[in-house]
Amino acid sequence: MTDTATAYLAERFLRQIQRAAEKAKQDVRAFCNTNSQSFDKLANEANVQYDHFVRTSEPDHRFAVQHFWLMLKERGYIYESKHEGWYSVSDETFYPPSAVHLQLDPATGRKFMASQETGKEVEWVSETNYHFRMSTLRDRLLEFYASNPRFVEPASRMQDVVQQVTDGLTDLSVSRPVARLSWGIPVPDDNSQTIYVWLDALVNYLTKANYPFQVPGQEHAAGWPADVHVIGKDIVRFHCIYWPAFLLALDLPLPKQILTHAHWTLAHEKMSKSKGNVVNPFYALERFGSDTMRYYLVHSGGIQDDSDYDNQYIIDRYKQLQGNLGNLVTRVVRGKGWSVRRAVTSGRTDDSPEGKAHVEALERLPSAVEHWLAKLHPGSAMKQVLAVIQQTNQYMQKSSPWDLSARTDEHGVPRGIIHLPTDQHIRKVDSIIYLCAESIRICGILLQPVMPQRMRHLLDLMGVDEGRRMFQDAVLGADREYGTPLVDIGKGREGV
């Protein structure tokens with residue numbers, strides 16, 4: 001498909017980790033090393049490729065964060081002050097009194113103060129630390145949002161962000177006393193303070209773009225600004241308000257867009273480790289395989305609204321794909337009485353009304369997929385492909401090339417009584433098979449990002465050269481060289 005630089009971010013919530021390491025009776029660094037390996041392993045198991053696996057304890061990141069801090073201070077955005085407020089250890093942030101409420105734990109009857117936004121418990125904290133003058137950037141943020149109305153997707157969350165900033169911003173506490181938080185990057189000119197986790201974590205987007213060592217005039221060469229940040233809806237405030245404010249303060253480019261996706265639920269309830277209603281991704285990948293899981297997550301995952309996870313849903317969705325695409329490939333590749341290679345060589349399309357309609361569908365498909373990808377809706381893009389696969393099955397069933405091919409063998413030799421000239425039979429069969437083969441080839445190319453292993457095998461079955469599997473190749477008539485399988489087509493479900 002297209003080349004994009006990606007970064008896998010291991011954001012480690014500092015105080016949570018510090019407490020977890022203490023509970024596990026491990027050194028904090030050793031504890032983080034173990035956890036980091038799990039995320040790295042998960043990416044490999046899911047067949048997710050990345051350019052950088054960022055760990056915020058790396059020396060280059062520490063240098064970038066401290067330099068970023070010093071630049072903010074030099075511009076007058078950092079000052080020291082006493083801070084009091086409701087603090088959430090889980091969320092690593094302070095909440096104003098208007099954003100917390102009294103909550104009851106139904107299991108124990110214990111009452112506690114919690115964030116209205118996340119439901120996480122908060123505690124009253126009073127301490128002296130450093131603050132970022134975020135309130136001074138309100139107008140610049142609103143001006144930026146107005147000039148970039150699609151900065152946050154979907155639009156409903158863009159509206160929420162604009163409303164939050166319109167209502168007013170308070171200055172942000174951006175450090176913690178070392179006595180309370182020792183694990184993290186120290187403030188460069190005050191070792192008694194540790195830099196706020198979100199200022200630390202957000203800068204890692206810049207770290208691997210060679211910040212602060214970009215070559216003048218080539219600042220974008222290493223991948224910044226990012227085309228898209230992909231985040232969960234629970235961290236919108238940090239990425240869509242705090243992060244742009246930090247960057248504006250230093251006149252650095254902002255990411256072009258931020259895609260904020262919804263969450264997965266289990267039995268229509270929010271997943272929670274404390275409740276035990278969570279999914280082990282390693283078990284799921286072992287049971288279903290990475291391609292099946294990737295297909296399900298893209299097909300059913302929510303951008304605007306949460307989606308419910310269920311093993312039966314995974315099975316049902318994949319069976320639908322097998323019934324449509326698997327059936328189509330089997331019919332075309334293993335069909336008796338025609339040659340895919342001969343049909344592709346002829347490059348002739350069916351001129352029947354059904355054939356013309358199918359040609360139009362194939363011609364529209366790449367732009368339809370590109371349209372939904374540009375809108376950051378991969379599920380909708382994939383469903384365009386699935387619709388064409390289903391349409392191709394219907395087209396093939398109605399055209400019934402097996403009835404025509406019954407009059408000739410796969411080499412065009414007549415069988416029995418012929419009511420039409422043999423060459424006319426061959427041309428008709430070839431035109432039908434060519435359109436079906438093109439559907440498989442084009443759809444196989446477009447589904448590669450979702451199911452790379454299965455689509456690689458499918459394109460091998462169709463005999464598509466590895467050098468002709470890019471997005472620009474997913475065009476009707478773009479390849480006239482395929483049609484001879486590169487692998488054994490097998491029997492039954494084998495092969496296909």
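**Figure 1. The second largest pocket of the predicted model.** The volume of this pocket is about 680 Å³. Its lining comprises 26 residues, and those closest to the pocket centre are Phe94, Pro96, Thr170, Arg237 and Tyr242.

**Figure 2. Elements and residue classes in the lining of the second largest pocket.** Two or more lining residues come from each of strand S3 (78-88), strand S4 (93-95), strand S9 (172-173) and helix H7 (236-249). With four residues, S3 gives the most to this lining. By class, the lining residues divide into 12 nonpolar, nine polar and five charged.

**Figure 3. The largest nonpolar core.** This core holds 53 residues, and Phe68, Phe132 and Trp243 have the most contacts inside it. The elements that give two or more residues to the core are the helices H3 (59-74), H4 (138-147), H5 (155-166), H6 (197-207) and H7, together with strand S7 (123-132). Helix H7 supplies the largest share, 11 residues. Helix H7 is also among the elements that give two or more residues to the lining of the second largest pocket.

**Figure 4. Surroundings of Phe68.** Phe68 is one of the residues with the most contacts inside the largest nonpolar core. When neighbours within four places in sequence are left aside, Phe68 is in contact with Leu199, Val203, Leu206, Tyr211, Trp243, Phe246, Leu247, Leu250 and Leu252. Of these partners, Trp243 is likewise named among the residues with the most contacts inside the core.

**Figure 5. A second, separate core.** This core has 50 residues, including Val429, Met451, Met462 and Leu476.

Notes
Residues numbered from 1 in each chain as written. Predicted model: local features only at pLDDT ≥ 70, side-chain atom pairs only at ≥ 80, totals over all residues. Heavy atoms only, no water. 1 Å grid on protein atoms, 1.4 Å probe; cavity = no way out; pocket = protein on both sides within 12 Å on 5 of 7 lines; lining within 4 Å. Points joined across faces, edges and corners; volume = space filled by probe spheres on them. Nonpolar A, V, L, I, M, F, W, Y, C, P; charged D, E, K, R; others polar. Core = buried A, V, L, I, M, F, W, Y, C linked by side-chain atoms within 4.5 Å. Buried < 20%, exposed > 50% of the residue type's maximum accessible area, 1.4 Å probe, protein only. Contact = heavy atoms within 4.5 Å.
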